[in-house]
Amino acid sequence: DNVRKPFVAGNWKMNGNLALVAEFNQKLAGLKAKAEVVVCAPSLLLHAFETDSFSIGTQNVSHLDNGAHTGELSVDLLKEAGCSYAIVGHSERREDQGESSELVALKAKKCVAAGIVPIICVGEPLDVREAGEVEAFVGEQLDALVDKMSIEELSKTVIAYEPIWAIGTGKTASPEQAQEVHEFIRTYFSKVDATLAQSLRILYGGSVKPDNAETLFAQKDVDGGLIGGASLKAEDFISICQAAN
Ligand code: PEP
């Protein structure tokens, strides 16, 4: 397990403002955590972070270089803004913006080419879980990545398993449910490349809170978390970061 440095990323979604950035700058300064810590904030806030103890990321990125694509942000621009991570394929975007697994793979590939680490989200809705088809569903999301990206490229990514029924619902996956899918994901990648599978960090996301983080992160194949709601409170986020070790 210790080949993989623990990782905790916050996803502020469409929340936060300059005042919250200032609070994070102050409260996370000098943060001591074994985990690599990232805050993925709305892009317009990125300029205001003072990141001595954590990195910053965005929540989406274009798969294209630049040009006539109104409203999109390029990897180059995000790099210039100090961004070293990007969430891609969050279920809210897959649903609200109709992002396909193929598009998500292209976004991830673009990030890697620019030196941005994509945090690639996968995960099933409730009906798929109830039908017992989690592995087929998540497997298809992973197929699109393997189809578009080389082993070398995949090794520069982070995967986040986020069961949709657990996002923002307060219904966390049990540690056993999380571990089961994380193990499936790692096994999936081991068929692509054994070294890749061993070094790939797989985060759990879905109602992670200070009081459940430690048990989730203690699972063998859970290397940290992607944190939504609880990443908006500095104290909660800090205690979750410290639970990853
Ligand atoms: C998320 O949206 O990535 C997430 C995990 O949200 P929450 O922690 O609020 O469930």
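G228 sits in the loop that joins strand 8 (224-227) to helix 11 (234-243), and in this predicted model the residue counts as buried because 22 C-beta neighbours lie inside 10 Å. Apart from residues within four places in sequence, G228 is in contact with N11, K13, I167 and G168.

An unreviewed UniProt entry places the feature "binding site" at N11, W12, K13, G168, S207, G228 and G229. These positions are spread over 219 residues of sequence and yet cluster in space, with a largest C-alpha distance of 13.9 Å. One of the annotated positions, W12, belongs to the loop between strand 1 (7-11) and helix 1 (18-27). Once residues up to four places away in sequence are left out, W12 touches V39, C40, A41, P42, S231 and L232.

H90 is found in the loop between strand 4 and helix 3 (91-96), and, leaving aside neighbours within four places in sequence, H90 is in contact with Q59 and C121. E162 is found in the loop between strand 6 (158-161) and helix 8 (175-190), where, not counting residues up to four places away, E162 touches S91, C121, G123, I167, G205, G206 and L226.

**Burial of selected residues**

| Residue | Other C-beta atoms within 10 Å | Class |
|---|---|---|
| W12 | 22 | buried |
| L20 | 18 | partly exposed |
| K32 | 8 | exposed |
| H90 | 27 | buried |
| E162 | 27 | buried |

L20 lies in helix 1, and its C-alpha atom is 38 Å from that of V146, a residue 126 positions apart from L20 in sequence. K32 occupies the loop between helix 1 and strand 2 (36-40); K32 and S53 are 21 residues apart in sequence, with a C-alpha to C-alpha distance of 7.9 Å.

**Helix 4**

How does the span of helix 4 agree with the value it should have? At 1.5 Å a residue, the 14 residues of helix 4 (residues 101-114) should span 20 Å, and because the end C-alpha atoms are 20 Å apart, the two values agree. The buried residues of this helix are V104, A105, K107, A108, K109, K110, C111 and V112. After helix 4 comes G115, whose phi is positive, near 80°.

**Confidence of the prediction**

For the chain, the mean pLDDT is 97, and 99% of its residues reach 70 or more. For the complex, the predictor gives an ipTM of 0.97 together with a pTM of 0.98. Where pLDDT is low, the predicted coordinates should not be read in detail.

Conventions. Residues numbered from 1 in each chain as written. Predicted model: local features only at pLDDT ≥ 70, side-chain atom pairs only at ≥ 80, totals over all residues. UniProt positions renumbered as here; feature names shortened; annotations may be inferred. Helix = DSSP H or I, 4+ residues; strand = E, 2+ residues; numbered from the N terminus. Buried ≥ 20, exposed ≤ 12 C-beta atoms within 10 Å, placed from the backbone. Contact = placed C-beta atoms within 7 Å. Expected span 1.5 Å × (residues − 1). pLDDT = per-residue confidence, 0-100.
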